[in-house]
Amino acid sequence: MRPSDETLIAYLDGELDAAVFDEVDAALQDSPALRQRLQQLAESDERVRRSYQAALEAPVPPELIAAILNAPDPRLDDRARAAPQPTQPGLGARLRHWVERLLDQRAPLAFASVLALVAGGWVAWSIKPVAEPAEWALRSGETIQDPGLQVALETAPSGRVLRAAGHQLELLASFEHKDRHFCREFNTSARGAQAVDHLGIACREADGEWRLALLVSEEGPADPALDGYRTASDRQHEAADGYLRANTSGEPIDPVRERQLIDRTWTP
Amino acid sequence: MTEADPRAELISLLPRLRRFAHGLTHDSHLADDLVQAACLKALERWHQWQPGTSLASWMFRIVQTTWLDDHRMRQRQKTEALDDEMPDLPGEDGRVVLEQRSQARHLRQLIEQLPDDQRVVLMMVTVEGFSYKDTADALGIPLGTVMSRLSRARIRLADALNITGDEYAPQ
């Protein structure tokens, strides 16, 4: 008996039980016409999938992300919701602030496409192309101006490697400074045969800016094992460790507490 | 407070939710409005989601019901407006005209012409890869209904696309 189109469709979807599957298999062996029909159905499905591929890959509008981040955190119980709102803007508002700044600039940022990268369930951010060296002019003692790096310091958990536009950024760990504010150690490098690698420590000021407390840069060959990027050298790490020992407990903040600090705008 | 931030989890689903909403609305602005409304609704009702179950299928359900509640009327108005503008949409006689258009546009038009309930099932199973059972559960309809809507949609598309399948044609 010739299987119906509905059965052929369930066959394509892997939704037939073993006995019926075998019957269909046998019928297909015997009938070129049936194989032709199966092929038509499969090709049609494939075209349907392809026609929606662009919608999947299209950048997510920043406004949509901001609207969701600005919604109240449903994990807070009613009591917490009723409590006075913190005077610091919430994470969503802060992110929207950055997003709006980026959109205002309309610079060659391709920020929209960067937003399409959703890094492990968190928002990805822009890292500017290497062709704009001014944006990466990191100097100890200055506040961090690059919006991508600002957003990353403010919102990204440690341990994530983010890559965009030929740059790699990794947030290594967070520390509590002896003065009760917080610092984050990060590593950035550009991709290329000779790439500059920065190992930095940025500390959050009372006004919400991140100030670069330490920066140790080195130029060196890229590591093919790291897809053309490189990581900080022992010399860079020793310098950073020296700073951390002198100014913090030296112990990184554990991931749970770090997550809470990110949610609470880095307030102790 | 150690569980993941629900807002971040929703953000990670946005590309798929937008594709699904696009399939329902055929309009990128309407699709984003729909996704935003559905996400905010989900956050308000977060306590109804059972941890351990698929967040994706719960969200697809909310997108679909939100669409039925809020957007169908707008969609209908939009379709009527389009019909007014283009009274000479090609029917059977216009097949030649259709064939001259790009294949992709033709297919999109065919999908748009499917009944809403068939298109929802087509999007969930064929495009999103949900199983029949998950689709039935998410939409709150019997499994047999998923199968019949799905096959009607796919038979219609396969026939209209006029794919030859020559490789397997009878000799």
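1. At what angle do the axes of helix H1 and helix H3 of chain A cross? Roughly 55 degrees, and the two axes come within 10 Å. H1(A) spans residues 5–12 and H3(A) residues 32–51. Helices are DSSP runs of H or I, at least four residues, and strands are runs of E, at least two, numbered from the N terminus. Axes are lines fitted to C-alpha atoms over the stretch in contact, with angles from 0 to 180 degrees between N-to-C directions.

2. A caution on reading this. The model is predicted: local features need pLDDT of at least 70, side-chain atom pairs pLDDT 80 or more, while totals for chains, interfaces and linings use all residues. Residues are numbered from 1 along each chain as written, and chains are lettered from A and ligands numbered from 1 in written order.

3. H1(A) and H3(A) are therefore oblique to each other (under 35 degrees is roughly parallel, over 145 roughly antiparallel, 65 to 115 roughly perpendicular, the rest oblique). On the H1(A) side, A:Leu8, A:Ile9 and A:Leu12 make the contact. They meet A:Arg37, A:Leu38, A:Leu41, A:Ala42 and A:Asp45 of H3(A). Contact means C-beta atoms, placed from the backbone, within 7 Å. This contact has six nonpolar, no polar and two charged residues. Ala, Val, Leu, Ile, Met, Phe, Trp, Tyr, Cys and Pro count as nonpolar, Asp, Glu, Lys and Arg as charged, the others, Gly among them, as polar.

4. Chain A has 11 helices and seven strands.

5. Now the interface. 50 residues of chain B contact 40 of chain A. H1(B) gives the largest share of chain B's side, 14 residues. That side divides into 30 nonpolar, nine polar and 11 charged residues.

Terms used:
Two residues are in contact if their C-beta atoms, placed from the backbone, lie within 7 Å.
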